[in-house]
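Let me put the structure up and then walk you through a few spots in it.

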Amino acid sequence: MSEKFYQNGLHFECKQCSHCCCDEPGFVYLSREDLTRLTKLLNLTDKEFIKQFCRFVPFYDGSEVLCLKEKENYDCIFQNKGCSVYKARPVQCSTYPFWSFIIKNRDSWENESKECPGINKGRIHSKEEIEEATFLYEKNIPLRKCDFF
């Protein structure tokens with residue numbers, strides 16, 4: 001097996017610029033675990049939380065999956081001079097930038113660095129940390145609409 005380009009780790013430190021949470025359309029998919037953490041933090045039922053903060057969007061497999069709403073300016077619904085649910089933020093958020101397609105190769109990583117000022121800065125994350133985050137990201141399966149209705 002060939003050596004990963006991040007064999008000796010990668011530098012990353014969130015600069016709290018909020019670019020990944022603001023300004024552009026995107027999807028933050030929610031798994032059962034994500035939904036449970038968020039509803040517990042906000043003391044809401046699943047139904048209340050979904051009605052207030054979520055929508056269902058088309059997914060790659062043709063199903064519809066649960067996703068956080070965005071504000072009109074494309075900011076995350078929980079963006080308010082920082083993440084208002086940071087302690088319970090979705091796995092998709094907490095594992096960035098160590099998503100499988102970003103760490104696929106050096107070119108993907110460097111391309112993402114054009115969008116994220118924290119990439120290639122700050123502390124070094126070990127190969128093990130990177131692969132743990134990637135594992136969590138990949139196993140975090142979004143809830144499907146049919147799971148509710």
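**A walk through the model**

Let's start at Thr95, which touches Ala133, Leu136 and Tyr137, and that's leaving out residues up to four places away in sequence. Before I go on, keep in mind that this is a predicted model.

So where does Thr95 sit? You'll find Thr95 in the loop between α3, residues 91-94, and α4, residues 106-113. And is Thr95 buried or exposed? With a relative accessible area of 3%, Thr95 is buried, because the cut-off for that is under 20%. Its side chain also has a polar contact with the side chain of Trp99, at 3.2 Å.

Okay, on to the cores. As a rule, nonpolar side chains in soluble globular proteins tend to be buried together. Here, the largest nonpolar core has 16 residues. Those with the most contacts inside that core are Leu30, Phe49, Cys54, Leu66, Leu68 and Phe78. The one that gives the most is α2, with 3 residues. Apart from that core there's another, of 13 residues, and Trp99 turns up again there, among others such as Phe98, Trp109 and Cys116.

Let me zoom in on Leu66. Again not counting residues up to four places away in sequence, Leu66 touches a whole list of residues, including Val28, Leu30, Ile50, Cys54, Phe56, Leu143 and Phe148. Arg55 is one of the residues touching Leu66 too.

Now the strands. How do β2 and β3 pair? The two of them run in the antiparallel sense, over 5 bridges. The hairpin of β2 and β3 has 5 residues between the strands, and in it Gly62 takes a positive phi near 95°. As for β3, 4 of its 5 residues are buried, so the strand is largely enclosed by the rest of the structure.

Last stop, Glu33. This residue is found in helix α1, which covers residues 32-42. Glu33 has a relative accessible area of 48%, so it counts as partly exposed. How far is Glu33 from Ile141? In sequence they're 108 residues apart, while in space they're 9.4 Å apart, C-alpha to C-alpha.

That's my tour, so over to you.

Note on methods. Residues numbered from 1 in each chain as written. Predicted model: local features only at pLDDT ≥ 70, side-chain atom pairs only at ≥ 80, totals over all residues. Heavy atoms only, no water. Helix = DSSP H or I, 4+ residues; strand = E, 2+ residues; numbered from the N terminus. Buried < 20%, exposed > 50% of the residue type's maximum accessible area, 1.4 Å probe, protein only. Polar contact = N/O pair within 3.5 Å; in protein donor to acceptor, adjacent residues only side chain to side chain. Contact = heavy atoms within 4.5 Å. Core = buried A, V, L, I, M, F, W, Y, C linked by side-chain atoms within 4.5 Å. Pairing = 2+ DSSP bridges.
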